Amino acid sequence: MNKKFRKKIRKFFQIAMPVWLVFVLILNSVVATGLVEYYFVKKNFNTQLTALAKSTKNPEELVQILKSQVLPQTGYVLGVTWKDIGKQLLDGGAIDKQKYEQLLAQEPGSSDMMKYLNNSSNDRMMINEKNSHFMVNTLWALGLANKSKVLEEGTMKTYGKGDVMSFASTGGWSLGKKPTGEIYSSSEIVKLTPEQNEIVKNIAQNVYRPCCGNSTEFPDCNHGMAALGYIEAAVKQGLSEKRIYQDVLALNSFWFPQQYVTLAAYFNQQKTDWTNVDAKVALGVDYSSGQGAARIAQAVQNVPGVSTKGGGCGA
């Protein structure tokens, strides 16, 4: 290679190298920017949505987001399978078919639920806004009729003079074919072993409802008796305690929608998404008892569209 040619080569690289370096730097910058954008926009999309919900400047919009989490429009599928639970309640006289049909006729969208009383089914129970009344009544009947140590040896028996017919959950039951005194803890619809009875009792002691200050171990109202019935069926069918608490929280939420949307708003203020709330904690005395719910309502009283009105305790 002659001297003149080498000089031309050096001159070319002197001109080309800076241009090449600029090109490489621009390319790297584009790639790096793309990777950063992918990570923060694509990979953390759900996190950004959560942050948006928490930081929204429109409180009414926030309430709507919370409602969709607490009360999903598609409903909540529970872990318990119907099997012949409804049929046994009907056949055993805990539920009067005619009274039930008359009640359901007043509730559009609930009449098809009678299929779970007329026949056995492998469908899992579910709750939504349309059937919440049917579910509280049917599970109330289950809790009332199923033979249970909670009913026979618990606070229902030991409170006051032991007159178990003096409570809203007993004296208030008007949908049975038999007198309530004959229905109370009378049928092994969900037959529990001694060990299972103990599990039911322990869970029931940790589950409260916003209409009063008692745990489900003292099911003196319809919601407490319904929760007891569900817990018994869930324990019998082998659901984990974690799943049972999650299911009962969903039941309570549809039975007391205002209180649990309010509770979701409270946890939102504490920077905790409703989907991350420990169900056992939420169902405890500090949040789900009447006193706890009142305290939470005071803490988030500036949230619009949320009242403290709860579900009634009658059939």
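Start by selecting cysteine 221: with 5% relative accessibility, it counts as buried (under 20% relative accessible area; over 50% is exposed and in between is partly exposed, using a 1.4 Å probe and protein chains only). Before you go on, note that this is a predicted model, where local features need pLDDT of at least 70, side-chain atom pairs count only at pLDDT 80 or more, and totals for chains, interfaces and linings use all residues. Residues are numbered from 1 along each chain as its sequence is written, and side-chain values use heavy atoms, leaving out hydrogens and water.

Stay with the cysteines. The count of disulfides is 0, a disulfide being a pair of cysteine sulfur atoms within 2.5 Å. For cysteine 221, the nearest cysteine sulfur belongs to cysteine 211, 3.5 Å away. Now click cysteine 212, which is buried at 17% relative accessible area. Its nearest cysteine sulfur is that of cysteine 211, 4.3 Å off.

Next, select helix 12 (residues 194-204) and helix 13 (residues 222-236), which pack at about 135° with axes 10 Å apart. Helices here are DSSP runs (H or I, at least four residues), numbered from the N terminus. Axes are lines fitted to C-alpha atoms over the stretch in contact, with angles from 0 to 180 degrees between N-to-C directions. Show Gln196, Ile199, Val200, Ile203 and Ala204 of helix 12 against Leu228, Ile231, Glu232, Val235 and Lys236 of helix 13 to see the contact (heavy atoms within 4.5 Å).

Last stop: valine 281, in helix 16 (residues 279-282). Valine 281 is partly exposed, at 41% relative accessibility. Draw a C-alpha to C-alpha distance to leucine 249: 10.0 Å in space, 32 residues apart in sequence.

How values were computed
Helix = DSSP H or I, 4+ residues; strand = E, 2+ residues; numbered from the N terminus.
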